[in-house]
There are 2 protein chains.
Amino acid sequence: MTRNAVCLLSGGLDSCVTLFLAKQEGYTLYALTFDYGQVHKRELQNVKKIGEAAGVKNHVLFTVDLHRFGGSSLVDKNITIPKNKRLDEIGNQIPPTYVPARNTVFLSLALAYAETIPAEAIFIGAHATDYSGYPDCRPEYFDAYQKMANQATRAAVEGHPIQIKTPILSLSKAEIIKKGVEVNAPLHLTWSCYQGGKKACGQCDSCLLRLKGFQDMGTPDPIQYHRYPSWYMVKK
Amino acid sequence: MTRNAVCLLSGGLDSCVTLFLAKQEGYTLYALTFDYGQVHKRELQNVKKIGEAAGVKNHVLFTVDLHRFGGSSLVDKNITIPKNKRLDEIGNQIPPTYVPARNTVFLSLALAYAETIPAEAIFIGAHATDYSGYPDCRPEYFDAYQKMANQATRAAVEGHPIQIKTPILSLSKAEIIKKGVEVNAPLHLTWSCYQGGKKACGQCDSCLLRLKGFQDMGTPDPIQYHRYPSWYMVKK
């Protein structure tokens with residue numbers, strides 16, 4: 001019997017690895033990508049290619065304009081994205097890049113999609129270790145979301161609640177990259193930088209965490225950067 | 001200090017009464033209405049007027065195209081809306097008008113809006129008594145949603161979780177109408193019918209439950225119907 005899964009796919013490294021982990025588990029894949037009013041669409045540029053590389057059965061690009069509500073530097077040009085932080089400063093507090101209730105909105109739309117297919121699981125590439133202080137990336141949050149989903153759908157009422165899967169939740173960035181290499185995830189197609197442009201900035205929290213992950217792995221990041229932080233030693 | 005609330009406002013009777021109950025509690029009101037790919041937009045026709053009648057501070061009409069996922073007669077023209085059921089048949093099973101995960105999607109977008117304003121409460125006009133078999137209208141569902149919301153937002157992490165308010169959840173339709181009359185809700189502007197058109201059909205589950213409510217109240221429904229069920233005795 002076919003086992004279907006909806007996979008949230010942003011175009012970033014984490015969701016790309018997660019998609020390929022779902023593929024490895026034998027699921028038939030339905031990718032779901034959000035255009036949510038991001039200031040830059042750079043991470044969407046290669047997202048179709050990532051889906052194709054995984055052999056997804058369907059890929060929905062869904063527009064949900066969180067910009068209408070404002071409240072984050074990722075959807076509001078008037079808020080500045082922090083850069084060049086020390087690594088130990090990242091994750092101490094909720095940063096301005098936090099988008100209100102983003103994962104809750106994304107998971108809820110995935111739940112609607114999953115119930116319609118029907119799919120038995122939803123994969124999301126959140127991780128708690130480097131979570132940069134986002135409340136909706138913590139294990140307690142996903143536990144509570146699962147309990148809510150167990151009450152929310154026709155499938156749940158009929159005894160088949162849709163499972164929220166977070167396979168990289170407790171991994172470090174280096175471990176995620178290692179997994180990605182193991183399952184042949186096309187990391188060269190991924191984009192993590194909070195800024196747009198042809199090359200990643202190498203200065204925002206997301207670039208710093210990604211580069212630290214590759215450094216810890218001892219292998220160079222295949223994508224291009226404008227500049228590298230002084231501590232980065234594994235340049236191409 | 002101003003107490004803000006986001007109120008989900010569909011244009012139907014239940015959400016209209018709920019909006020006016022929030023107003024009575026002294027909240028500054030932020031209405032949120034969804035264009036979710038409904039087959040007909042009839043209930044949206046007067047929704048702005050309902051908001052204005054309540055004196056809302058802002059009213060967001062938000063597009064979220066659940067039609068992309070399909071799976072319900074409310075968003076898919078190819079599924080037939082049941083009609084002329086006996087009243088005791090309504091609510092026994094999940095009907096084809098069920099939209100997968102709709103309340104979860106709506107509440108999650110309301111959560112994003114509430115966190116941005118910021119608002120301390122979200123009002124939703126769900127009711128369990130006449131819930132027509134929708135899993136996401138049951139008290140267990142809202143309890144689980146609240147627990148999830150308590151983990152989901154910056155406000156929650158900082159000790160101020162946003163409260164999900166369901167003031168009509170345990171009321172019958174007649175009691176909801178009675179409340180609405182008490183708080184001067186403009187029931188003549190509301191639309192409950194699952195079909196479009198100038199007049200309500202008087203045959204779908206939603207019309208039948210509404211007319212039963214007015215009959216139990218002993219007062220005529222102020223809106224117009226194509227035809228009334230044989231048991232309806234309080235015509236205008």
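Reader: What share of the contacts in chain A with a separation of 6 or more comes from residues 24 or more positions apart?

Author: Such residues account for 71% of those contacts in chain A; a contact means two C-beta atoms, placed from the backbone, within 7 Å. The model is a predicted one, in which local features need pLDDT of at least 70 and side-chain atom pairs count only at pLDDT 80 or more, while totals for chains, interfaces and linings use all residues. Residues are numbered from 1 along each chain as its sequence is written, and chains are lettered from A and ligands numbered from 1 in the order in which they are written.

Reader: Which elements make up the secondary structure of chain A, and how many are there?

Author: Chain A has seven helices and five strands, taken as DSSP runs numbered from the N terminus (helices: H or I, at least four residues; strands: E, at least two). Their order from the N terminus on is β-α-β-α-β-α-β-α-α-β-α-α.

Reader: How much of chain A is buried?

Author: Of the 236 residues in chain A, 48% are buried. The term requires 20 or more other C-beta atoms within 10 Å of the residue's own, whereas 12 or fewer makes a residue exposed and a count in between partly exposed, with C-beta atoms placed from the backbone.

Reader: Why does A:Ala101 count as buried?

Author: A:Ala101 has 30 C-beta neighbours inside 10 Å, and therefore counts as buried. This residue is located in the loop between strand E3 (58-63) and H3 of chain A. Its phi is positive, about 60°, although A:Ala101 is not a glycine.

Reader: Is A:Asn184 buried or exposed, and how do you know?

Author: A:Asn184 counts as exposed, because 12 C-beta neighbours lie inside 10 Å. The loop between helix H6 (173-182) and helix H7 (205-217) of chain A holds A:Asn184. A:Asn184 is a residue other than glycine, and its phi is positive, near 60°.

Reader: Why is strand E1 (residues 4-8) of chain A called largely enclosed by the rest of the structure?

Author: Four of the five residues of E1(A) are buried, so the strand is largely enclosed by the rest of the structure. E1(A) pairs in the parallel sense with strand E2 (residues 28-35) of chain A over five bridges; DSSP must find at least two bridges between two strands for them to pair. In this pairing A:Asn4 is opposite A:Thr28 of E2(A). Strand E4 (residues 121-123) of chain A also runs parallel to E1(A), joined by three bridges, with A:Val6 opposite A:Ile122.

Reader: What sort of crossover leads from E1(B) through helix H1 (residues 13-24) of chain B to E2(B)?

Author: The β-α-β crossover in chain B is right-handed. The term applies if, with the strands pointing away from the viewer, the path from the first strand over the helix to the second runs clockwise. E1(B) and strand E2 (residues 28-35) of chain B run parallel and are joined by five bridges, and B:Tyr30 in E2(B) is the bridge partner of B:Val6. B:Val6 is also opposite B:Ile122 in E4(B).

Reader: What is the peptide bond from B:Ile117 to B:Pro118?

Author: The bond is cis, with omega near -10°. B:Pro118 belongs to the loop between H3 and E4 of chain B. In chain A, a cis peptide bond joins A:Ile117 and A:Pro118, with omega about -10°.

Reader: What makes the span of H4(B) close to the expected one?

Author: H4(B) has 14 residues and reaches 20 Å from its first C-alpha to its last, close to the expected 20 Å; the expectation is 1.5 Å times one less than the number of residues. Among the buried residues of H4(B) are B:Tyr141, B:Phe142, B:Tyr145 and B:Met148. The buried residues of this helix pack against helix H3 (102-116) and helix H4 (139-152) of chain A, together with H3, H5 and strand E5 (163-165) of chain B.

Reader: How many residues does each chain bring to the contact?

Author: Chain A and chain B bring 35 residues each. On the side of chain B that touches chain A, H3(B) gives the most, with nine residues. That side divides into 22 nonpolar, seven polar and six charged residues (nonpolar: Ala, Val, Leu, Ile, Met, Phe, Trp, Tyr, Cys and Pro; charged: Asp, Glu, Lys and Arg; polar: the others, Gly among them).
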